[in-house]
Amino acid sequence: MKLEESYNLSRDKWFDRIKDESRSQAKNGLCLAVGVLLISIFDILLWQHLEQKTVLICNLSVGCIASVWIVVNNLRYLKRLNILDTPKELLYWYKKRLKNDRNALYLAMLGFLICDPSFWFDVFNMDKGWIIAVTMFRVLLVVAIIAVFILPYFDGIIVGELMTRRDEEIIDRLEDLVEKK
């Protein structure tokens, strides 16, 4: 339903429709996180190369932690959704759910950068002159990428909002409902 069509609905029906859409978004996030979690666990269990298994476990465990965080966040949101009575409360909790999902994804991205097995192999096996230069360049590049993620985050600037168009529409509708009150 488009924003213009929703103006024809009563305030309560509009709020219920937005609530249903936000429930659907939370369920989608929950299913995606459970899928990533299951794939990560099966990868860890089925990996055959023992010498690389420790690095793989470290790398995938960060993804598992982020997935569990998203699962818990979305389950908590779905449980709380039934008792929310006002658009202002729903708007607050919806934005909070999006923020927590974004934080979990930041954790996963930083974890994958930090736990990259090829990066650490290069760092610990520097023995030739030109490899040292390439490895030092990679170290500086990883530090720069991590700084790009972390520094703006603490300044309140969000790199990649990680919000879908549907999320933006839900937030816009809720803000309209809050303003009309």
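A residue is called buried when its relative accessible area is under 20%, exposed when that area is over 50%, and partly exposed in between. I begin with these cut-offs because several of my points this morning rest on them. Please keep in mind as well that the structure before you is a predicted model.

Let me start with the overall architecture. The protein chain contains seven helices and zero strands. Of its 181 residues, 34% are buried. If we take the contacts between residues at least 6 apart in sequence, 75% of them join residues at least 24 apart. The chain exposes about 11,600 Å², and carbon and sulfur atoms supply 66% of that area.

I turn now to helix α7, which covers residues 165-180.

Next, the charged pairs. The structure holds six salt bridges, and I shall discuss three of them.

In one, aspartate 167 pairs with arginine 97, with the closest N and O atoms 4.0 Å apart. Aspartate 167 belongs to helix α7 and arginine 97 to helix α4, so this pair links distant parts of the chain, 70 residues apart. Are these two residues buried or exposed? Both aspartate 167 and arginine 97 are buried.

Another salt bridge joins glutamate 175 to lysine 95, and here the closest N and O atoms are 3.4 Å apart. Glutamate 175 lies in α7 and lysine 95 in α4, residues 87-114, so the pair ties together parts that are 80 residues apart in sequence. Glutamate 175 has a relative accessible area of 28%, so it counts as partly exposed. Lysine 95, at 38%, is also partly exposed.

The remaining example lies within α7. Glutamate 169 forms a salt bridge with arginine 173, their closest N and O atoms being 3.8 Å apart. These residues are four apart in the helix, so about one helical turn separates them. Glutamate 169 is partly exposed, at 37% relative accessibility, whereas arginine 173 is buried, at 2%. Through shared partners, salt bridges join Glu21, Glu169 and Arg173 into one network.

Let us move on to the nonpolar residues. In soluble globular proteins, nonpolar side chains tend to be buried together. In this model, the largest nonpolar core has 24 residues, of which Ile18, Tyr77, Leu90, Tyr94 and Leu174 touch the most other members. Helices α2, α3, α4 and α7 each supply at least two residues of this core, and α4 gives the most, with seven. Which residues does isoleucine 18 contact, leaving aside its neighbours within four places in sequence? They are Leu90, Ile170, Arg173, Leu174 and Leu177. A second, separate core has five residues, including Tyr106, Leu110, Val142 and Ile146.

Finally, a word on cysteines. A disulfide is a covalent bond between the sulfur atoms of two cysteines. How many disulfides does this structure hold? The number is zero. Cysteine 31 is exposed, with 57% relative accessibility, whereas cysteine 64, at 12%, is buried.

Thank you for your attention.

Key. Residues are numbered from 1 along each chain as its sequence is written. Side-chain values use heavy atoms; hydrogens and water are left out. The expected span of a helix is 1.5 Å times one less than its number of residues. A salt bridge is a side-chain nitrogen of Lys or Arg within 4 Å of a carboxyl oxygen of Asp or Glu. Buried means under 20% relative accessible area, exposed over 50%, partly exposed in between (1.4 Å probe, protein chains only). A nonpolar core is a set of buried Ala, Val, Leu, Ile, Met, Phe, Trp, Tyr and Cys residues joined through side-chain atoms within 4.5 Å. Contact means heavy atoms within 4.5 Å. A disulfide is a pair of cysteine sulfur atoms within 2.5 Å. Accessible areas come from the Shrake-Rupley method with a 1.4 Å probe; for residues, only the protein chains shown count as cover.
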